[in-house]
Every structure is written in C-alpha cells, then in structure tokens.
Amino acid sequence: MTSLKEICRGLPLHPLPENRGRRKGVPHAPVRTPNLTAQEKKLALRNALRYFPPDIQKILALEFAEELRLYGHIYMYRFFPDIEMRAYPIEEYPCKTKSAAAIMLMIMNNLDPSVAQFPQELVTYGGNGQVFSNWAQFWLVMHYLSEMTEEQTLVMYSGHPLGLFPSHQYAPRLIITNGMVIPNYSTRDEYEKMFALGVTMYGQMTAGSYCYIGPQGIVHGTVLTVLNAGRRYLKVEDLSGKVFVTSGLGGMSGAQAKAAVIAGCVGIIAEVDEAALLKRYKQGWLMEISNNLDHCIARLRDARKNKIALSLGYHGNVVDLWERLVYELDTTGDLLVDLGSDQTSCHNPFSGGYYPVQLSFEEAKQLLSTSPGKFRTLVQESLRRQVAAINRLADKGMFFWDYGNAFLLEAQRAGADVEKRGANKTEFRYPSYVQHIMGDIFSLGFGPFRWVCTSGDPQDLATTDSIAMSVLEDSIRTGVSASVKQQYHDNIRWIREAGRHSLVVGSQARILYSDQRGRVSIAVAINRAISEGKIKAPVVLSRDHHDVSGTDSPYRETSNIYDGSAFCADMAVQNVVGDAFRGATWVALHNGGGVGWGEVINGGFGLVLDGSTKAEERAKMMLSWDVSNGVARRCWSGNDYAYETICQAMKENVTLKVTLPHKVADESILE
C-alpha cells in the first residue's frame with residue numbers, strides 16, 4: 001500500500017508499478033467514441049508519452065494504445081495509486097503550506113470511491129466530470145503541491161499541471177482552467193476528439209475545481225427546490241402524502257432520495273445502473289429499493305395514503321416508470337404523482353448520460369461502444385416517449401420542472417413536444433427550476449455556500465453547524481426582510497435536519513444556502529473559532545459553481561434573465577478574476593457543467609481559513625464580491641429582488657457603487 005509520502009514523490013518510474021489494468025468489481029465510465037484518424041491516434045499517444053522519459057516509453061506505448069482502442073481515452077491505469085483514496089486529516093499531508101495540504105485533501109476526496117462515480121477514470125460525478133485527464137497528472141500535481149511555498153502558484157490547464165510559477169503570498173496558490181476552447185470549436189464532437197488527445201477536459205463544476213463534497217452538495221438545494229415547488233405549485237407548506245417522481249442516483253442526482261425524505265414527501269427515483277442504486281442504498285440515502293413496478297406502485301399508494309415520508313429507488317428505466325403512471329391514470333383514474341423532474345445526465349445524452357428504454361442497461365452500454373449512431377437514435381426516441389408520458393400527467397395536474405440537466409433542451413432536439421409557443425429560446429413548455437423556483441433565491445443573494453473541516457473530526461463539523469445556526473438566529477433578531485427571513489428559517493431547519501440525517505459522504509463537510517451577509521458572518525465566526533482552538537484545524541470555504549455569480553448558463557442559472565444577456569458569460573469570468581485578487585486560495589474557470597459542454601461558463605473557488613486576521617480580511621472581501629457581482633448583474637437585467645438586495649448592500653458598504661437600471665415608464669415609446 002502506497003503512503004501519502006510516496007504519493008508526493010512524483011511519478012513512480014523506477015521501478016514501474018505493476019499494470020493491473022481496469023479493476024473488476026468497481027463502476028467504470030462508458031467507453032468513449034472519439035472517432036480519431038490514424039494520425040490523431042498517434043498524436044494522442046505522443047501526447048500521453050511526453051509525461052515519461054524515453055527509456056520507458058516503449059513499454060508504455062503498447063498499453064496506452066490499447067487503452068485508447070478499448071476505452072477511447074488514455075487513463076494510464078498502470079499508475080492508479082495503490083492507496084486508500086480519501087480525505088486524510090490535513091496534518092498528515094507532507095506539505096510546506098497548509099493551503100497546499102488543504103488542496104490535496106480536497107483532490108483525494110473527489111477521488112474517494114465512496115464519493116466518485118467512476119474512480120479509476122478520475123470521474124467524480126455527472127458521467128464525465130473529470131478531476132484529471134489521466135493518472136500521471138494526479139501524481140505530478142500531488143508532488144507540486146508538496147513542494148509549493150507561499151511564493152508560488154500552481155497553474156492547471158484542463159487537468160495538466162503546467163507547473164509552479166513564482167507569485168506572492170497574497171496570490172492564489174492554484175489557478176485552474178478546464179475546457180477553455182475557442183467558441184467556434186466548443187462542440188461535443190470536437191470535445192470527444194480533444195479529450196482523447198489529452199488536450200482538454202470536462203471538469204463539470206466542482207469535479208475539476210476539487211470542491212465536490214459528495215451528494216450532500218446538492219441535497220440542500222434539492223430540499224429547497226422541492227419545498228418551494230410545493231409552495232408555488234401545490235400551495236402547501238406540508239408535503240406529507242405528496243409524491244415526487246424523478247430519475248438518477250449517480251453523482252449529484254443521488255441527493256434526490258434524501259431530499260425527498262427531509263422535505264417530508266414520497267420520493268420515487270428511477271436508476272438504470274444497479275451499482276449506483278446499491279451504493280446509495282448502502283450509504284443510507286435510499287430507504288427501499290425494488291426492480292418491480294407493481295411493488296413500486298403499491299408502496300407509492302400506501303405511503304401516499306398514510307402520509308409516510310419515503311425514498312424508494314426503482315431499478316429500471318424512468319420511461320417505464322412514467323408510462324406506468326400513465327397506465328394507472330388511464331385504468332384507475334388516479335393521478336399518483338404531484339411533482340416531477342429528471343436528473344439523468346442529459347448534458348451528455350449520447351455518451352452514457354441517458355440510457356434508452358428499449359434496451360437493458362448492459363445492452364445499451366454494448367450498443368454505445370459498437371454503434372454510437374444507433375444508440376443516439378434510440379436515446380432520442382426514448383426522450384420522446386418520456387416527454388409524451390410526462391405531458392399526459394401534467395395535463396391532469398402534475399407539476400414538472402427541468403432540473404437544469406439539459407433534459408428539455410435535449411428532448412426538444414429529439415423532436416419531443418416541449419415547445420412553449422411565443423416564448424424566447426430559453427423557455428420551454430415546463431419551466432427550469434431556476435425560472436420558477438430558485439431564481440428569486442439567487443437574486444436575493446442566496447446560493448450553495450459550503451465548508452470542509454480539514455481535521456476530519458465530526459465534532460468540528462458539529463461545532464461549525466452550531467456556529468452557523470447562531471449566526472442565522474442573530475441575523476433574524478437584528479432584522480431582515482420578510483423574504484430573507486423565510487430563507488433563514490429554511491436554513492436553520494436544514495442545519496437541524498442535516499445533523500439528524502447523516503449526510504456526510506467523504507470529507508466532513510456542510511452545505512448551506514446563504515446570502516452575502518450570512519456567508520461573511522459565518523466565515524468570520526468559524527475563523528475566530530479556529531483561532532480560539534474551538535475548531536482543531538483549518539476550514540476550507542467553497543461553494544457550488546451553481547450559484548448567484550458563479551455560472552452563466554442560459555438554460556439553467558441565468559435562464560431567468562430576460563434582457564438578452566442570458567447567453568453572455570461576463571459574470572462568471574469576472575467572478576473568477578475578482579475572487580483571485582480578493583483573497584481566494586484557489587480559483588477555477590470551466591467550460592461546461594450542468595447542461596453540458598459549450599452550453600455554459602462557470603467558476604468557483606476555495607478559501608482556507610486558518611484562524612489568522614489575514615484569513616478574516618480575505619474572507620470578508622472575497623465573499624462580498626463573490627455574491628454582489630451576480631446580484632448586481634441580476635439587478636441590471638431587471639430583477640426586482642436583486643435591485644432591493646444590491647441597494648441594501650450599498651447602504652451597508654459605502655464603497656460599493658453599482659449602476660442601477662431605470663425602468664421604461666411609458667411602454668408606448670418603444671413603438
């Protein structure tokens with residue numbers, strides 16, 4: 001078994017580790033089909049071999065070529081480390097700086113088999129959200145981080161460590177870009193080719209920025225989405241006896257089962273991959289599993305009638321589930337579902353993100369590798385069937401929303417009936433959850449703030465939970481607007497429920513949808529607790545890129561921006577630049593994430609709190625910008641909540657001066 005010290009020595013070359021190939025008994029990424037020419041295959045091989053000295057290139061060339069032929073990518077399985085991959089306590093990492101050790105901890109958490117979707121292929125979530133492109137990059141990065149000082153910055157180009165460059169103590173220790181492809185070439189086909197060549201990478205959001213915290217990372221947002229869907233669509237605060245049907249239990253989608261139970265409803269979640277289903281069941285994220293639709297319907301009826309909170313995982317295709325619910329409607333007159341959505345990886349529908357109903361899971365995987373064109377045809381037919389069933393149920397009163405996974409976008413491209421007549425091109429028959437449910441929350445400055453306790457001690461996490469709850473309660477007492485107050489009460493409920501529901505998978509982390517005031521206050525309070533010894537080790541602050549300012553995505557995060565700028569990416573790019581010089585420990589800027597390659601630009605950060613006064617200053621400055629940037633943009637687009645929020649921020653900070661919009665008073669002048 002390799003040690004952390006050995007991991008930090010760099011690529012193991014003399015002697016070479018044994019080539020064990022793809023391990024059996026663990027989930028693997030779908031075979032990629034980049035369709036390389038003979039010359040491009042040679043280029044891919046040449047690019048992979050440049051990590052290694054000439055004396056071992058001949059040995060590696062044969063196996064790398066075989067990987068490319070069998071799997072469509074060179075992962076370098078020989079260099080898969082023989083170590084228990086997990087987030088070790090920060091003190092165990094042999095580094096010169098705490099910042100570097102914190103980054104190493106976050107990387108290893110992203111690759112932890114209990115967290116990562118396809119650990120051997122370095123995929124954290126979303127089917128293709130890479131941490132690195134190959135294992136040589138992992139070894140080099142860990143070595144660079146172990147050598148890094150406070151006068152250096154590690155530069156990452158789409159998984160490739162360009163190197164350590166001289167900088168200064170106030171600069172970020174790490175700068176990451178993923179998938180920064182010239183816009184005209186940012187297509188799916190070009191991506192498959194460039195990824196196979198090893199020159200770019202799809203980092204999803206928090207996979208390639210090393211900030212994923214397991215399915216908990218989206219549980220809070222999913223709970224808020226389901227609660228607010230109940231408020232908006234069903235006009236109820238209590239969701240007991242209400243049924244929520246959706247799909248996906250892989251990476252982020254694994255949160256849906258836990259969120260349904262926390263929200264108090266009946267959640268039925270379909271998943272075609274038995275390994276993903278069993279993983280969530282064993283982790284306690286699913287209460288029950290079944291591969292029998294008759295049993296699922298019977299359990300649904302019982303839980304609905306008796307108002308029992310339930311999460312039931314159906315091992316099968318979600319299209320079969322939707323069509324069975326239509327059958328129940330037609331034969332009994334019972335509409336058994338109140339709320340519906342989808343979290344298949346439709347950002348990547350033709351490379352294993354969505355499996356067609358016409359085939360079994362294994363048959364579909366085989367077809368994907370042997371006949372990708374036929375696979376694409378079946379996927380589009382399956383999408384049309386799924387939408388047809390959803391439309392029938394929605395016509396009878398079910399409320400459906402798009403979960404920002406490009407489901408409706410891909411269904412539209414497949415010819416499904418999702419058009420909203422007279423609407424702009426970011427609107428469909430059903431709303432995005434941002435448009436109807438979460439958009440106003442973003443405009444108030446609330447988003448998925450998170451922190452990781454690097455000691456690895458659950459008691460430290462409990463202490464931070466207590467701190468966060470006290471901060472929110474104090475804020476309510478000092479006075480906040482009614483809309484903000486409701487969010488704070490939801491947050492307090494969340495923290496209480498989070499402790500009860502054993503949400504930690506991997507690192508000792510917590511997510512909390514918070515606004516600017518809450519984020520800054522919580523960060524300051526945690527930093528002071530570290531200084532006073534109440535928390536044993538540094539805490540890493542971060543957030544999902546899916547946030548107020550972090551993402552420009554016209555079919556998700558910015559789908560409720562109607563001034564024509566939804567397709568512009570200034571906000572996300574400015575956010576990363578601003579975070580970098582305001583104190584972030586590391587920053588990342590990505591193409592793709594959520595709705596897919598070429599559809600979105602997004603960014604994120606990591607900020608290490610070590611109890612110092614400098615860390616407090618950095619947190620105040622950086623977190624304020626990280627929220628205000630997006631609120632100001634949403635204000636300029638015409639959102640009233642954002643207008644009120646940014647005006648309040650300007651009152652609290654006289655150095656903040658934001659350009660405010662004037663509304664057109666007389667619409668007739670536009671004629």
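Helix 6 is followed by Gly-198, a residue with a positive phi near 80 degrees; helices (H or I, at least four residues) and strands (E, at least two) are here DSSP runs, numbered from the N terminus. This is a predicted model, in which local features need pLDDT of at least 70 and side-chain atom pairs count only at pLDDT 80 or more, while totals for chains, interfaces and linings use all residues. Residues are numbered from 1 along each chain as its sequence is written, and side-chain values use heavy atoms, with hydrogens and water left out.

Helix 2 (residues 38–49) packs with helix 6 (residues 188–197) at an angle of about 45 degrees, their axes lying 8 Å apart; axes are lines fitted to C-alpha atoms, for helices over the stretch in contact, and angles run from 0 to 180 degrees between N-to-C directions. Helix 2 is therefore oblique to helix 6, given that angles under 35 degrees count as roughly parallel, over 145 as roughly antiparallel, 65 to 115 as roughly perpendicular and the rest as oblique. Glu-40, Leu-43, Ala-44 and Asn-47 of helix 2 make the contact with Lys-193, Ala-196 and Leu-197 of helix 6, where contact means heavy atoms within 4.5 Å. Tyr-191, Glu-192, Met-194, Phe-195, Ala-196 and Leu-197 are the buried residues of helix 6, and they pack against helix 2, helix 3 (54–71), strand 2 (129–130) and helix 12 (349–353). Buried means under 20% relative accessible area, exposed over 50%, and partly exposed in between (1.4 Å probe, protein chains only).

## Helices 13 and 14

Helix 13 (residues 361–370) and helix 14 (residues 372–395) pack at an angle of about 130 degrees, with 6 Å between their axes, so helix 13 is oblique to helix 14. On the side of helix 13 the meeting residues are Ala-364, Leu-367, Leu-368 and Thr-370, and on the side of helix 14 they are Pro-372, Lys-374, Phe-375 and Leu-378.

## Salt bridges

A salt bridge is taken as a side-chain nitrogen of Lys or Arg within 4 Å of a carboxyl oxygen of Asp or Glu, and by this rule the count comes to 42. Because Arg-301 lies in helix 10 (residues 293–306) and Asp-334 in the loop between helix 11 (318–332) and strand 10 (339–340), the pair ties together parts that are 33 residues apart in sequence. Arg-301 is partly exposed at 28% relative accessibility, and Asp-334 is also partly exposed, with a relative accessible area of 28%. A network of salt bridges links Asp-294, Arg-301, Arg-324, Glu-328 and Asp-334.

Arg-543 forms a salt bridge with Asp-626, with the closest N and O atoms 2.6 Å apart. This pair links distant parts of the chain, since Arg-543 is in strand 14 (residues 539–543) and Asp-626 is in helix 21 (residues 613–636), 83 residues apart. Both Arg-543 and Asp-626 are buried, whereas Glu-532 and Lys-534, which meet in a salt bridge at 3.1 Å (N to O), are both exposed.

## Buried positions

Gly-604, in strand 17 (residues 601–609), is buried, with a relative accessible area of 0%. Leaving aside neighbours within four places in sequence, Gly-604 is in contact with Arg-543, His-545, Val-576, Trp-586, Val-587 and Ala-588.

Thr-454, in the loop between strand 12 (447–453) and helix 17 (458–478), is likewise buried, with a relative accessible area of 0%. With neighbours within four places in sequence left aside, the contacts of Thr-454 are Tyr-88, Pro-89, Ile-90, Leu-105, Ala-537, Pro-538 and Val-540.

## Backbone features

Most residues other than glycine have a negative phi, and most peptide bonds are trans. Met-76 has a positive phi, near 65 degrees, though it is not glycine; Met-76 is found in the loop between helix 3 and helix 4 (98–110) and is buried at 0% relative accessibility. Gln-204, also not a glycine, has a positive phi of about 45 degrees; Gln-204 lies in the loop between helix 6 and helix 7 (216–234) and is buried, with a relative accessible area of 3%. The peptide bond from His-14 to Pro-15 is cis, with omega near 5 degrees, and Pro-15 is placed in the loop between helix 1 (4–7) and helix 2.
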